[in-house]
Amino acid sequence: MYHFFIQAYQVRGDSIKIEGKDVNHIRNVLRMKQKEALSVTDEDGVEYFCEIQKMEEEAVWLSVKDQTDVSHELPAEIVLFQGLPKGDRMELIIQKAVELGIHTVVPMETRRCVVRLDEKKKETKCRRWNAIAESAAKQSKRSRIPQVHSVVTFQQALQMAEGYEAVCIPYEQTKGMQPLREFLAKLKPGIKAGFFIGPEGGFEEEEVQLAAEQGIVPVSLGKRILRTETAGIALLSVMMLQLEE
């Protein structure tokens with residue numbers, strides 16, 4: 001069943017008005033027809049199970065058949081601070097992080113980043129990344145669309161993480177898995193937590209030291225070196241297992 005996101009004002013009693021770019025997607029991309037079923041979620045997390053009632057040039061009207069307020073979200077707010085990778089790897093990282101339940105993705109410039117974006121490219125990339133997050137949220141039937149933040153520096157990312165109840169930074173020089181186990185043990189419903197993932201080449205030692213001085217815990221992800229697009233997905237998967245009911 002296809003899934004879309006709406007605002008509460010679009011709900012009109014037992015009918016829902018779909019508007020904007022989703023109209024074209026339903027009509028011309030998915031080629032859906034009258035009476036076909038789909039689901040939508042509003043910003044309060046209420047999910048509506050509907051049928052297409054009628055199609056207009058700039059709107060699709062749905063008939064509500066049932067609704068539920070059961071959330072598909074993790075019970076904690078998890079933020080990924082991701083060092084900018086090369087090529088289109090960021091798109092894969094965002095897509096998979098959204099599927100696994102990430103709350104926010106913060107693209108981050110670090111010393112070893114090969115990619116350097118000017119302001120215009122940052123805006124273009126950010127729009128593209130948010131579109132990917134929305135598409136992944138629809139596919140995975142999330143209750144909300146995760147945000148992809150604008151690109152920040154490593155220092156700005158450290159400032160953003162201040163006040164989080166648990167934050168870690170995977171670093172290949174960290175010995176043993178106990179620091180990771182201790183970090184995971186802090187993850188409880190209602191917590192705000194984050195983790196930092198470096199670009200290709202990882203973090204410089206000085207960056208890890210700066211993070212540690214702020215209380216961000218260096219951890220190991222095992223004895224194998226993971227690619228940047230693998231590391232975040234691996235860690236988020238374990239965090240999901242720790243939090244999911």
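Pro 170 counts as buried because its relative accessibility is 14%. Here buried means under 20% relative accessible area, exposed means over 50%, and partly exposed lies in between (1.4 Å probe, protein chains only). Pro 170 sits in strand E11, residues 166–170. Helices (H or I, at least four residues) and strands (E, at least two) are DSSP runs, numbered from the N terminus. Leaving aside neighbours within four places in sequence, Pro 170 is in contact with Phe 196, Ile 197, Phe 203, Val 219, Leu 221 and Leu 235. Contact means heavy atoms within 4.5 Å. Leu 184 is 14 residues from Pro 170 in sequence, and their C-alpha atoms are 13 Å apart in space.

This is a predicted model, in which local features need pLDDT of at least 70 and side-chain atom pairs count only at pLDDT 80 or more, while totals for chains, interfaces and linings use all residues. Residues are numbered from 1 along each chain as its sequence is written, and side-chain values use heavy atoms, with hydrogens and water left out.

Now step back to the whole chain. The protein chain has 7 helices and 13 strands. Its C-alpha trace spans about 60 × 40 × 30 Å along the principal axes. Of its 245 residues, 47% count as buried.

One of the contacts of Pro 170, Leu 235, is also among the buried residues of helix H7. H7 has 16 residues. From first C-alpha to last it reaches 23 Å, close to the 22 Å expected at 1.5 Å a residue. The expected span is 1.5 Å times one less than the number of residues. Which residues of H7 are buried? They are Thr 228, Glu 229, Ala 231, Gly 232, Leu 235, Leu 236, Met 239 and Leu 243. They cover an arc of only 165° around the axis, which puts them on the same side of H7. The arc is that of the directions from the helix axis to the C-beta atoms. These buried residues pack against E7, H2, E11, helix H5 (178–185) and strand E12 (192–197).

Gly 198 lies in the loop between E12 and helix H6 (205–213). At 10% relative accessibility, Gly 198 counts as buried.

Next comes helix H2, residues 89–100. Its 12 residues should span 16 Å at 1.5 Å a residue, and its end C-alpha atoms are 17 Å apart, which agrees. In H2, Met 90, Ile 93, Ile 94, Ala 97, Val 98 and Leu 100 are buried. They cover an arc of only 160° around the axis, so they are on the same side of H2. They pack against strand E7 (77–83), strand E8 (104–109), helix H3 (119–139), strand E9 (147–148) and helix H7 (228–243). After H2 comes Gly 101, whose phi is positive, near 110°.

Finally, look at a sheet. Strands of a sheet pair through backbone hydrogen bonds, either parallel or antiparallel. An open sheet of 6 strands has the order E1-E4-E5-E6-E3-E2, with mixed pairing. Its edge strands are E1 (2–5) and E2 (11–12), and each pairs on one side only. Two strands pair if DSSP finds at least two bridges between them. Strand E3 (residues 15–18) and strand E6 (residues 60–68) pair in the antiparallel sense over 4 bridges. There, Ile 16 stands opposite Leu 62 in E6.
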